[in-house]
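Trainee: I am new to this structure and would like to go through it step by step. May we begin?

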Amino acid sequence: MTDLFLTPRLKPILEQVQKFMREEILPLEQNFPHDWANIAPALEAKRTKIRALGLWGLHLPATLGGMGLSLTEFGQLSEVLATSPLGHYAFCAQAPDIGNTELLHQFGTEYQHHTFLQPLAAGKIRSCFAMTEPEFAGSNPTNLATSAVLEGEEYVINGHKWYTSSADGASFAIVMAVTNPENAPHARASMLIVPTDTAGFRIVRNISVMGEAGTGWLSHAEVMFENCRVPQTHLIGEAGKGFNLAQHRLGPGRIHHCMRWVGIAERALDMMIRYAMKRELNKGETLAQQQVIQHWIAESRANINAARLMVLDTARRIDAQGAASARSEISAIKFFVPKIMLEVLDRALQVHGGLGMSDDTLLAYWYRHERASRIYDGADEVHKTALAKQIFKGYEK
Ligand SMILES: Cc1cc2nc3c(=O)[nH]c(=O)nc-3n(C[C@H](O)[C@H](O)[C@H](O)COP(=O)(O)OP(=O)(O)OC[C@H]3O[C@@H](n4cnc5c(N)ncnc54)[C@H](O)[C@@H]3O)c2cc1C
C-alpha cells in the first residue's frame with residue numbers, strides 16, 4: 001500500500017473494507033472454486049451485511065446509490081477486494097458487470113437505466129459482454145461477422161461469439177454487432193442489449209479454460225445469436241458508435257483489472273512469505289533462510305510497489321483528463337502489471353512446492369486463470385506496439 005493517493009474520505013472506507021475482507025470473506029475461500037453452488041448464496045448473505053454497513057456501491061456513482069468515489073480511490077479498494085477471488089463479487093464490483101454498469105450509466109437511455117442498469121447496480125441481476133468471435137482475430141475487433149439488421153423497429157441479430165464471460169446465469173448481454181456495414185471499419189458496429197431470455201439467444205457451452213469449464217459467474221461461454229430480435233430501444237448510444245463506446249468501457253476497465261492483479265500479487269507475496277518462514281528444510285532451518293527465496297521476496301516487493309504506483313498514477317490521469325489523454329499509460333500498465341503478477345504467482349507457487357500445485361491453496365487457481373490477463377482486453381503485443389507508436393510520435397515532431 002502507498003498513502004500517496006489516499007484521500008481523507010477513502011481512509012475510513014478502506015479500513016472498513018480491509019476488516020470486512022479479513023473477517024467475512026476470507027473464511028469463505030475454503031471450498032473455492034469447486035463449491036460455487038454453496039459459496040454464491042453465502043456471498044448473497046454477505047451482500048446484505050455490506051449494505052447494512054453502508055459499504056454498498058464502492059464503484060458506483062452517488063446517483064446509483066454508490067459512494068461516488070474517483071477511479072483512483074476505487075482502484076485502491078479494488079486492490080483490497082482482489083486479495084480474495086470472492087472480494088469483487090461480494091461487493092458487486094465484479095467484471096464484466098462493473099464495465100457494463102459504467103457503460104450504461106454513461107451512455108444508456110432512461111429506459112435502459114430503469115430496465116437494466118438499476119437492477120444490475122443493485123446486485124439483483126448479472127450481465128455479460130459479447131464481442132469476441134471464434135472465427136476472427138479479437139486483436140482486430142473491426143473484423144466482426146455478427147450482424148444486427150434493422151427490420152421495422154427491431155434489430156435482428158445473427159452471429160457467433162465466444163469467451164462471453166459470465167453469460168451463464170446472466171440476465172442480459174451487451175453485444176457488439178455490425179449495424180452499418182456501409183461505413184468505414186471503425187464506424188460499422190454498435191452495442192445492443194440482448195436479454196438472455198430472447199428467442200434465438202443460446203449458450204452453446206461453457207468453454208473449458210485451463211481444465212475448468214466453471215459455472216455461473218465463474219465461466220466463459222460460447223454463444224449463438226440466431227435471429228434474435230430486440231427493440232430498437234436496446235441500442236446503446238448511436239448506431240455505428242460501438243467502438244467509441246468500447247474505448248470508454250476499456251479505459252477505466254483496465255484500471256480495475258490492473259488493481260485486481262496488484263491485489264492478487266500482494267496476497268501471493270503474503271502467502272509466499274508466511275510459508276517460507278514456517279516451512280523447515282531441517283530442524284530450525286526454514287525456506288526463508290535461503291538466499292534465493294529472500295531475493296524472490298525482495299524482487300516481488302519492489303515489483304508490486306512499482307506496479308501499484310504506475311496504475312494509480314494512470315488512474316489519476318484518467319480522473320483528471322479522461323481516458324483518451326492516458327492512452328500510453330493505459331497500454332503500459334496493461335502489459336506491465338500482468339507480467340509482475342504472473343512472476344509473483346510463479347514464485348509463490350514454487351516456494352509452496354507440491355502444496356502450490358494442489359488446489360489446497362488459491363495459488364494454483366490464480367496461476368491457471370490469471371494467465372489470461374496477458375490476452376484479454378488487448379494482448380501484450382498489441383499494447384506494446386501501441387505504446388511504441390506513441391513514443392515514436394514524440395520523436396517525429
Ligand atoms: C479468460 C478470457 C475471458 C474473456 N472474456 C471476454 C468477454 O467477456 N467478452 C469478449 O468479448 N471477449 C472476451 N475474451 C476474449 C479476448 O478479448 C480475446 O481473446 C482477445 O481480444 C484476443 O483475441 P483472440 O483470442 O482472437 O486472439 P488473436 O487476435 O487471434 O491473437 C492471438 C495472439 O496473437 C498475438 N498478436 C495479436 N495481435 C498482434 C500484433 N499486432 N502483433 C504481434 N502479435 C499479435 C497475441 O500474442 C495474441 O495473443 C476473453 C478471453 C479470455 C481468455
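**Cores, domains and ligand shell**

Trainee: Leaving aside its neighbours within four places in sequence, with which residues is valine 337 in contact?
Mentor: Please keep in mind that this is a predicted model. Neighbours within four places in sequence are set aside for valine 337. The residues then in contact with Val337 are Cys258, Trp261, Val262, Ala307 and Val311.

Trainee: Which residues of the largest nonpolar core touch the most other members?
Mentor: This core holds 65 residues. In soluble globular proteins, nonpolar side chains tend to be buried together. The members of the core that touch the most others are Ala265, Ala268, Val311, Val337 and Ala348.

Trainee: Which helix gives the most to this core?
Mentor: Several helices each supply at least two residues of the core, including helix H1 (10-25), helix H2 (36-52), helix H7 (242-278), helix H8 (291-321) and helix H9 (327-357). The core also draws at least three residues from each of domain 1 (10-107) and domain 3 (243-396). With 13 residues, the helix that gives the most is H7.

Trainee: What distance separates the centres of domain 1 and domain 3?
Mentor: The protein chain is divided into domain 1 (10-107), domain 2 (127-236) and domain 3 (243-396). For domain 1 and domain 3, the centres are taken over C-alpha atoms. The distance between these two centres is 20 Å.

Trainee: Which element supplies the largest share of the side of domain 1 that touches domain 3?
Mentor: The contact takes 21 residues from domain 1 and 22 residues from domain 3. On the side of domain 1, H3 and helix H5 (97-107) each supply at least two residues. The largest share, seven residues, comes from H3.

Trainee: How do the residues on that side of domain 1 divide by class?
Mentor: The side in question is the one that touches domain 3. Its residues divide into ten nonpolar, eight polar and three charged.

Trainee: Which residues around the ligand are the closest?
Mentor: The ligand is surrounded by 20 residues, and by class this shell has twelve nonpolar, seven polar and one charged. Strand S1 (127-130), strand S3 (154-165) and helix H11 (380-396) each supply at least two of its residues. At least three shell residues come from each of domain 2 and domain 3. The closest to the ligand are Met131, Ala137, Gly138, Ser139 and Ser165.

How values were computed:
Residues are numbered from 1 along each chain as its sequence is written. This is a predicted model: local features need pLDDT of at least 70, side-chain atom pairs count only at pLDDT 80 or more; totals for chains, interfaces and linings use all residues. A residue is near a molecule or strand if its C-beta atom, placed from the backbone, lies within 6 Å of it. Helices (H or I, at least four residues) and strands (E, at least two) are DSSP runs, numbered from the N terminus. Ala, Val, Leu, Ile, Met, Phe, Trp, Tyr, Cys and Pro count as nonpolar, Asp, Glu, Lys and Arg as charged, and the others, Gly among them, as polar. Domain bounds come from an automatic or database domain assignment. A nonpolar core is a set of buried Ala, Val, Leu, Ile, Met, Phe, Trp, Tyr and Cys residues joined through C-beta atoms within 7 Å. A residue is buried if 20 or more other C-beta atoms lie within 10 Å of its own, exposed if 12 or fewer, and partly exposed in between; C-beta atoms are placed from the backbone. Two residues are in contact if their C-beta atoms, placed from the backbone, lie within 7 Å.
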